[in-house]
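Here is a short briefing on one protein chain. Please read it with the sequence and the model side by side.

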Amino acid sequence: MTFSVKVFTLYPEMFPGPLQYSLVGRALQDGKWLLDVINIRDFALDRHKTVDDTVCGGGPGMVMRPDVVDRALKFHYQTPPKSLIYLSPRGIPLTQERVKELAQSASLGLLCGRFEGVDQRLLEAWKFEEVSVGDYVLTGGELPAMTLIDACVRILPGIVGTAESLEEESFSQGLLEYPQYTRPRVWEGREVPHVLLQGHHEHIRRWRQAQAEELTRVRRPDLWQEYCERREKEKGSKE
Ligand code: 9D3
């Protein structure tokens, strides 16, 4: 089964963009996933190709017209796909858990907003799920759509790197990654930590675990809290 993605956007030229490179780009070339980019402006009704209008009730900016976006969606779908997502700053934050679920779907429909966003009635009529990529403000949904696609495609079955990445994720136990080193052994006076050069695998494992825990505690108190709670529960269930 091929993972098929349709992207509805006012900036189709932005695609495939970064998605043509590296692992994800090779998989696209190899036909392991399909990308269909739809220019919403092609579905405008007037000779000026208008896609937006002023905000009802007043306020700054413009909103994408529901009738134009609806025509684009209807042309491509008889029935809405199971995963129809509007990338939106007020969406539910994207998580690896959700990415894993989305990567299982056969087809993914992504609507990228511009201006102040899309008319609410269109979102309700098509039962869009709203997804955000984080608490900062971007200029549109295209980069978030690419982010979501990249996250899904890298874990598709049969993509090189999948075996290691899934293993890595089960190993990481909700902690940030430990620091990595390569040669040369000394670079500009900085040495690779001694323990990594001794070949004592149990010592290496314990050092990496301690590093991961310390990084998580300092940088991500939210993850550290969850990790500590889960560790307590697992200890309890063993006794
Ligand atoms: C005045 C209110 N603004 C919301 C904070 C309006 C607004 C700003 C930016 C509406 C849309 C956008 C464009 N952003 C996206 O389309 C977007 C986004 C983001 O800005 N941050 C994180 N995730 C996402 S997903 C789509």
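Domain bounds here come from an automatic or database domain assignment. On that basis the chain has domain 1 (3-153) and domain 2 (168-238). The model is a predicted one.

**Domains**
- The C-alpha centres of domain 1 and domain 2 are 37 Å apart.

**Helix α7**
- Helix α7 covers residues 201-219, which is 19 residues.
- From first C-alpha to last, α7 reaches 27 Å. That is close to the 27 Å expected at 1.5 Å a residue.
- Which residues of α7 are buried? They are I204, W207, A212, E213, L215 and T216.
- The cover over these buried residues of α7 includes α8 (221-238).

**Aromatic pairs**
- A pair of aromatic rings is described by two values: the distance of the centres and the angle of the planes.
- Rings count as a pair if their centres lie within 6.5 Å. By this rule there are three aromatic pairs.
- One of them joins F8 and Y77. The ring centres are 6.0 Å apart and the planes stand at 45°, so this pair is tilted.
- F8 sits in strand β1 (residues 3-9), and Y77 sits in the loop between α2 (66-76) and β5 (83-93). The pair therefore ties together parts 69 residues apart in sequence.
- F8 and Y77 are both buried.
- Another pair is F43 with F75. Their ring centres lie 5.5 Å apart with planes at 55°, so this pair is tilted too.
- F43 lies in the loop between β2 (33-39) and β3 (52-54), while F75 belongs to helix α2. The pair links distant parts of the chain, 32 residues apart.
- Is F43 buried or exposed? Its relative accessibility is 11%, so F43 counts as buried.
- F75 has 64% relative accessibility, so F75 counts as exposed.

**S105**
- S105 is found in the loop between α3 (96-104) and β6 (107-112).
- Why does S105 count as buried? Its relative accessibility is 10%, and buried means under 20%.
- The S105 side chain reaches the backbone oxygen of L102 at 2.4 Å.
- Setting aside neighbours within four places in sequence, S105 is in contact with F3 and S83.

How values were computed:
Residues numbered from 1 in each chain as written. Predicted model: local features only at pLDDT ≥ 70, side-chain atom pairs only at ≥ 80, totals over all residues. Heavy atoms only, no water. Helix = DSSP H or I, 4+ residues; strand = E, 2+ residues; numbered from the N terminus. Expected span 1.5 Å × (residues − 1). Buried < 20%, exposed > 50% of the residue type's maximum accessible area, 1.4 Å probe, protein only. Contact = heavy atoms within 4.5 Å. Phe/Tyr/Trp six-rings, centres within 6.5 Å; stacked < 30°, edge-to-face > 60°. Polar contact = N/O pair within 3.5 Å; in protein donor to acceptor, adjacent residues only side chain to side chain.
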